[in-house]
Amino acid sequence: MIKNITQAIAFAPATSANMIVGFDILGFALNDVGDEVTLIKRSDGQIVIDSIESEQELPLISSKNTASIVIQKVCADFRIDCGFSLRIKKGIAIGSGMGGSAASAVAALVAFNHFLEVPLSNEQLVHYALFGEELASGGKHADNVAPCIYGGVTLTRSIDPIDIIKLPTPELQCIVIHPHLVVETKAARGILKPDVAMKNYVMQSANLAGFMAALYTKDIGLLKRSLNDVVIEPQRAHLVPGFYPVKEIALNAGALACSFSGSGPSMFALSETVREAHEIAAKMIEGFEQFGIKTDWWISPISNNGAHVK
Ligand code: HSE
């Protein structure tokens with residue numbers, strides 16, 4: 001069942017969840033930025049984190065890391081008892097809203113998959129990666145793990161049973177601005193009201209449908225009109241000082257859309273060209289400076305590539 005290899009290395013890209021109108025169901029993959037996991041076969045049955053290369057200090061405790069927890073689960077289910085050591089390289093800052101917990105879990109699973117004679121399907125990878133998301137945020141949502149595995153833009157129609165639809169990948173640039181603030185996903189979820197007003201439900205459904213149509217017809221005008229969140233963003237905006245002014249700055253600078261990346265605190269904006277993306281990024285950074293907030297930033301095309309073995 002397991003191949004006669006000793007190690008595998010996999011890369012999993014950063015992702016941005018929600019995509020404004022698809023809370024918990026839409027997400028997209030970025031290029032180049034991501035996490036890398038090396039999985040090394042052991043013989044003592046242990047799942048051990050050997051090392052984590054990261055700008056932030058992270059514990060080497062297997063039960064607290066999304067990469068090791070998913071390997072524990074998949075090994076237990078498939079009765080693979082050799083054990084593995086994990087070496088994790090974090091390219092994604094923790095709490096940056098770029099799917100760092102998902103990327104570590106997915107990279108570990110894709111590396112694990114390379115050991116199998118009969119590899120797991122993408123749906124199975126999503127199933128196991130969700131255990132990592134549950135550990136990280138207290139809930140199972142596939143809006144980061146799905147684009148991380150499939151690449152491009154994904155729609156999670158259901159997680160039980162797993163039903164992921166890969167949507168057309170628009171040729172757009174994404175600007176991610178990470179303000180140096182801490183907003184835990186658990187907390188950003190905890191403040192959300194359990195009910196949605198009928199009027200907002202209708203507007204959000206119309207925008208989600210408009211966005212789907214825009215992806216299939218490559219209608220940038222429709223995409224721009226549709227990327228407007230009337231349900232989640234208004235409830236979370238207060239978590240980031242300067243959220244609305246910075247959003248306005250981005251839109252005035254020519255962004256097609258701008259909102260939270262995942263549960264924040266990072267914001268993302270979309271543009272048609274790299275030049276516009278740089279202009280928008282510079283203005284958003286300046287905007288946050290006016291609120292005394294430092295930022296990191298990234299510019300990347302929406303990428304059609306998901307996690308892969310290196
Ligand atoms: N969809 C989630 C949220 C973020 O907005 O809470 C995914 O990590």
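**Fold, helices and local backbone features of the predicted chain**

Ile-20 is found in the loop between β1 and β2 (residues 26-41), where helices (H or I, at least four residues) and strands (E, at least two) are DSSP runs numbered from the N terminus. The structure is a predicted model, in which local features need pLDDT of at least 70 and side-chain atom pairs count only at pLDDT 80 or more, while totals for chains, interfaces and linings use all residues. Residues are numbered from 1 along each chain as its sequence is written, and side-chain values use heavy atoms, with hydrogens and water left out.

Ile-20 has a positive phi of about 75° although it is not a glycine. At 5% relative accessibility, Ile-20 counts as buried; the term buried denotes under 20% relative accessible area, exposed over 50%, and partly exposed the range in between (1.4 Å probe, protein chains only). Arg-79 likewise is not a glycine and has a positive phi, of about 50°. Arg-79 lies in the loop between α1 and β4 (residues 84-89) and is exposed, with a relative accessible area of 74%.

The chain comprises 10 helices and 11 strands. Its radius of gyration is 19 Å, close to the 19 Å that the globule rule gives for 310 residues, so the chain is as compact as a globular protein of that length. The radius is taken over C-alpha atoms, and the rule is 2.2 Å times the number of residues to the power 0.38. Along the principal axes, the C-alpha atoms fill a box of roughly 60 × 40 × 40 Å. Of the 310 residues in the chain, 55% are buried. Among contacts with a separation of 6 or more, 73% are made by residues 24 or more positions apart, a contact being defined by heavy atoms within 4.5 Å.

The chain exposes about 13500 Å², of which carbon and sulfur atoms supply 52%. Accessible areas come from the Shrake-Rupley method with a 1.4 Å probe, and for residues only the protein chains shown count as cover. The mean positions of the 25 positive and 31 negative charges are 2 Å apart. Lys and Arg count as positive and Asp and Glu as negative, whereas His and the chain ends are not counted; each charge is placed at NZ of Lys, CZ of Arg, CG of Asp or CD of Glu.

Helix α1 (residues 66-77) has 12 residues and reaches 17 Å from its first C-alpha to its last, close to the 16 Å expected at 1.5 Å a residue. The expected span of a helix is 1.5 Å times one less than its number of residues. The buried residues of α1 are Thr-66, Ala-67, Ser-68, Ile-69, Val-70, Ile-71, Val-74 and Cys-75, and they pack against β2, β3, β4, α2 and α3.

The 16 residues of helix α2 (residues 100-115) should span 22 Å, and the end C-alpha atoms are 24 Å apart, which agrees. Helix α2 is mostly covered, with 14 of its 16 residues buried. Helix α3 (residues 122-137) also has 16 residues and reaches 22 Å between its first and last C-alpha atoms, close to the expected 22 Å. Its buried residues include Leu-125, Val-126, Tyr-128, Ala-129, Leu-130 and Phe-131. The elements covering the buried residues of α3 include α1, α2, α4 (residues 145-150), β5 (residues 153-159), β6 (residues 162-167) and α5 (residues 185-190). Just after α3, Gly-138 takes a positive phi of about 80°.

Two strand residues illustrate the packing between elements. Ala-8 lies in strand β1 (residues 7-17) and is buried, with a relative accessible area of 3%. Not counting residues up to four places away in sequence, Ala-8 touches Val-37, Thr-38, Leu-39, Ala-111, His-114 and Phe-115. The C-alpha atoms of Ala-8 and His-114 are separated by 6.6 Å, although these residues are 106 apart along the chain. Ile-49, in strand β3 (residues 47-53), counts as buried at 5% relative accessibility. With the exclusion of residues up to four places away in sequence, Ile-49 touches Leu-60, Ile-61, Ser-62, Asn-65, Ser-68, Leu-86 and Ile-88.

Cis peptide bonds were also examined. The bond from Asp-160 to Pro-161 is cis, with omega near 0°, and Pro-161 lies in the loop between β5 and β6. A cis peptide bond also joins Gly-264 and Pro-265, with omega of about 0°; Pro-265 lies in the loop between β8 (residues 257-260) and β9 (residues 267-271).
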